[in-house]
Amino acid sequence: MQKRTLVWDLPLRIFHWALVSLIFAQWLTVEVLDGYMDYHAVFGYSLLGLVIFRIVWGFCGPKHALFSDFLRGPTAIWHYSQSLISRHPSTYTGHNPLGALIVPAILIVVGTQAISGLFVTDDVLFNGPYYASISTDLQGTMQWLHHKMFDVLLVIIGLHLTAIASYQFLLKKPLIGAMVHGHKNIQAKSGIISSKLPLAFVIALATVAFIYWLVVIAPPVVEMDYYY
């Protein structure tokens, strides 16, 4: 018997919407607003923290947040794709095999962009905390990577939104609501009984401490030459 059951834990939902908000803020502070590079950098550091949190959570979070629960092989992806074509997709409590690919894709692309951002400059007022610690050639590579990864991210977001719309209107599966309240109408035994909030708090605190160390304490001191 199906009933309204918790599937997506609270830390995972917070991660999801924080990721959406910060990516939008990143775009806004570069493409729309001028003079907000300091905010852009802070949002980037926050995104790196989110990626680190999600990777750790993928190994110790509740069942459907675990990578082992939703990352499947080519055969499962192929069979699920075939079921989509027939308009009778197989049912999964968590991520389906095809949709699950968005998770590592987002983590890799956002993580790469956030890390490369530590080594770039806007050639005006902002230098990443590690910009001066690498060679000129590597600076150019990081600059290129930082911008190209955002283009890749836009493609991934477009595909993701298209998939959500297809599920919402063609397959009548409301994915957005579930990521807000965390519940689905499923067999109760397939859901989760806890969001593991104390563990999530500890991991989040450790992640914040690491990011602070990475961008404030650890960067090398740049020696300035003064001429009189």
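Figure 1. His 146 is placed in helix H6, which covers residues 136-169; helices (H or I, at least four residues) and strands (E, at least two) are DSSP runs, numbered from the N terminus. The model is predicted, so local features need a pLDDT of at least 70 and side-chain atom pairs count only at pLDDT 80 or more, whereas totals for chains, interfaces and linings use all residues. Residues are numbered from 1 along each chain as its sequence is written, and side-chain values use heavy atoms, with hydrogens and water left out. With a relative accessible area of 13%, His 146 is buried, because buried means under 20% relative accessible area, exposed over 50%, and partly exposed in between (1.4 Å probe, protein chains only). The side chains of His 146 and Ser 116 are joined by a polar contact of 3.2 Å. A polar contact is a pair of N or O atoms within 3.5 Å; within protein, one must be able to donate a hydrogen and the other to accept it, and residues adjacent in sequence count only if both atoms are side-chain atoms. The His 146 side chain also reaches the backbone nitrogen of Gly 117, at 3.5 Å. When neighbours within four places in sequence are left aside, His 146 is in contact (heavy atoms within 4.5 Å) with His 40, Gln 113, Ser 116, Gly 117 and Val 120.

**Figure 2. Thr 141, another residue of helix H6.** Thr 141 lies in helix H6. Its relative accessibility is 43%, and Thr 141 therefore counts as partly exposed. Thr 141 and Ser 116 are 25 residues apart along the chain, and their C-alpha atoms are separated by 8.9 Å.

**Figure 3. The largest nonpolar core and Leu 153.** A nonpolar core is a set of buried Ala, Val, Leu, Ile, Met, Phe, Trp, Tyr and Cys residues joined through side-chain atoms within 4.5 Å. The largest has 20 residues, and those with the most contacts inside it are Leu 19, Leu 47, Ile 106, Val 110 and Leu 153. Two or more residues come from each of helix H1 (10-32), helix H2 (37-60), helix H3 (67-70), helix H5 (102-117) and H6. H5 gives the most to this core, with 6 residues. Not counting residues up to four places away in sequence, Leu 153 touches Ile 23, Ile 106, Val 109, Val 110 and Gln 113. Apart from this core lies another, of 14 residues, among them Leu 118, Phe 126, Ile 211 and Val 215. In soluble globular proteins, nonpolar side chains tend to be buried together.

**Figure 4. Lys 196 in a loop.** Lys 196 lies between strand S2 (183-187) and helix H8 (197-217). Phi of Lys 196 is near 55°, a positive value in a residue other than glycine. Most residues other than glycine have a negative phi. At 33% relative accessibility, Lys 196 counts as partly exposed.

**Figure 5. Thr 207 in helix H8.** Thr 207 has its place in helix H8. Thr 207 is buried, as its relative accessible area is 8%. Leaving aside neighbours within four places in sequence, Thr 207 is in contact with Gly 49, Ile 52 and Phe 53.

**Figure 6. The protein chain as a setting for these views.** The protein chain contains 8 helices and 2 strands, in the pattern β-α-α-α-α-α-α-α-β-α along the sequence. Of its 228 residues, 41% count as buried. Along its principal axes, the C-alpha trace spans about 80 × 40 × 30 Å.
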